[in-house]
Amino acid sequence: MHQKTREQFLARLQPGVVIIPAAHEATRSNDTEFPFRQDSDFQYLTGFPEPDAIAVLRPGHEKPYVLFVRPKDREREIWTGIRAGVHGAVDEYGADEAYELGEWETKLPELLRGNRRVYVKLGHDAAVDEAVIRTIADLRRRGRQGVEAPSEVIDPAPILAEMRLFKRDEEVGILARACDISVEGHLAAMRQTRPDMNEYEVQALVEYEFRKRGASAPGYGTIVAGGANATILHYVENNRPLRDGDLLLIDAGAEFGAFTGDITRTFPVGKKFEGAARDVYQVVLDAQHAALKASKPGSTLDDVHNAACRALTQGLVELKVLEGDVEELLREHAYRPYYMHRTSHWLGMDVHDVGAYVRDGEVRSLEAGMAFTVEPGLYFHGDTAAPAHFHGIGVRIEDNVLITPDGHRNLTAGVPTGIAEIEALRGEG
């Protein structure tokens, strides 16, 4: 899969040299590190799992794929795990040539010499930037000796982003697996959450299912927000007790094979949706249905968002939170105090994945292979103008959608959204 990716990527480039650095380990505190997660572009092109590596790609070259990797080191491997080394980079990960990382700056002039273009994301890795800029300057100083130095530095990120936006069959399979695992985490929470549990207990339930089913980690910080905490969009404390009568909002997704799911569900801490919470939930559910209906080839993410906003605005009028004509309220964006985010974002290797939303000044049309979220919501903070019985209610419903040639596929439909279905699941525990 990665070899095919490299071939397709190189076919989009003009002659030159591409430099893609891996991620580095990040210190958590003192001498401990955060769990390592590979840079998404580097992972996309190489599949090489180790930190600090550098990939050099050369379109049209007989050996187009060069890897610089950490050397084998018996002492370090005893403490921190086996390294692929130079031979593993070739034999296991398909590099045409591989060198120890210490040879990177020595080899760089040879790699850049005679090439007009260098593709590198300046500002992404300061050490790589410094080495490339210094090497280009050194080569230019040798121009009287007939040395040809690069004259163009080009950012490869837009090309990679456009490729990553369209999921191939293999990638759809991996993303679907990440979504399936995410579904199981949410189902476990719906079945097992009870009043007087703590938010972090529910987080543990969800993330246990993720790891149990093969996910490498959550794809982002899990949100478990009971009651008024759900009105905070990126609430991450997850340390409050859950009260009967409140709603619980869980926004969580599993990462599998470097792709991530991204599901949000809101359900009662008790057995039933009641009162104002039930009414608000139904409005958001109607908005999600409208947004999903708009998710099809030829539509745009603006169409998806506008469908959600129309349904939310109509619902807010029916709830007597807003007054007036729906069309006029939409023009005034009167819903914004209660719905302040967009309905969709691209989804893939990153939870907010790469890919241009606008092309040539216009919102791009949806095409087969694009994956994104559909996540309308309503949030009633205590200081809003809404009637007091809505204060402290937060609802979001989020699914992951893949555009197909004739419509869309909801990759996360396995977690129910209907009120009756959720209440039935709540009673199963």
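## Aromatic pairs

Search the whole of this predicted model and nine aromatic pairs turn up. Take Tyr338 and Phe380: their rings make a tilted pair, with 5.2 Å from centre to centre and 35 degrees between the planes.

Elsewhere, Phe68, Tyr99 and Trp104 come together as one aromatic cluster. There is a charge to look at as well: Arg177 puts its charged end over the ring of Phe256, 5.9 Å from the ring centre.

## The open sheet

Now for a sheet of six strands. It is open, its pairing is mixed, and the strand order reads β6-β5-β4-β1-β7-β8. The edge positions go to β6 (97-100) and β8 (152-154); each has a single partner strand, so one side of each has no neighbour in the sheet. From one strand to the next, the twist averages 20 degrees.

Inside that order, strand β1 (residues 17-21) runs parallel to strand β7 (residues 117-119), and two bridges pair them. Val18 is the residue opposite Tyr119 of β7. Helix α6 (residues 126-141) packs on this sheet and touches β1, β4 (54-57), β7 and β8. The direction of α6 makes about 155 degrees with that of β1.

Next, have a look at strand β11 (residues 247-252), where six of the six residues are buried. In a regular strand, side chains alternate between the two faces of the sheet. Both faces are covered in β11: Leu247, Leu249 and Asp251 are buried on one side, and Leu248, Ile250 and Ala252 are buried on the other.

Which strands pair with β11? One of them is β10 (residues 223-226), antiparallel to β11 and joined to it by four bridges. Here Val224 stands opposite Ile250 of β11. Another is β14 (residues 263-268), also antiparallel, with six bridges. Across that pairing, Leu247 has Pro268 as its bridge partner, and Asp251 lies opposite Thr264.

β14 is likewise largely enclosed by the rest of the structure, because six of its six residues are buried. Ile263, Arg265 and Phe267 are buried on one side of β14, with Thr264, Thr266 and Pro268 buried on the other.

Helix α1 (residues 2-11) has four names to note: Thr5, Arg6, Phe9 and Leu10 are its buried residues. Their arc around the axis is only 125 degrees, which means they lie on the same side of α1. The elements covering them include β1, α2 (40-46), β4, β5 (65-69) and α7 (157-165).

In helix α13 (residues 419-426), the buried residues are Ile419, Ile422, Glu423, Leu425 and Arg426. Together they span an arc of only 160 degrees around the axis, so they too fall on the same side of α13. Their cover includes α8, β14 and α10 (275-293).

## Two positive phi angles

Finally, a bit of backbone. Asp196 is not a glycine, yet its phi is positive, near 80 degrees. You'll find Asp196 in the loop between α8 (169-192) and α9 (199-212). Why does Asp196 count as exposed? Its relative accessible area is 69%, and exposed means over 50%.

Ala258 has a positive phi too, about 75 degrees, again without being a glycine. Its place is the loop between β12 (254-256) and β13 (259-260). With a relative accessible area of 13%, Ala258 is buried, because the cut-off for that is under 20%.

Methods:
Residues numbered from 1 in each chain as written. Predicted model: local features only at pLDDT ≥ 70, side-chain atom pairs only at ≥ 80, totals over all residues. Heavy atoms only, no water. Buried < 20%, exposed > 50% of the residue type's maximum accessible area, 1.4 Å probe, protein only. Pairing = 2+ DSSP bridges. Axes fitted to C-alpha atoms, helices over the stretch in contact; angles between N-to-C directions. Contact = heavy atoms within 4.5 Å. Phe/Tyr/Trp six-rings, centres within 6.5 Å; stacked < 30°, edge-to-face > 60°. Lys NZ or Arg CZ within 6 Å of the ring centre and 35° of its normal. Arc of directions from axis to C-beta.
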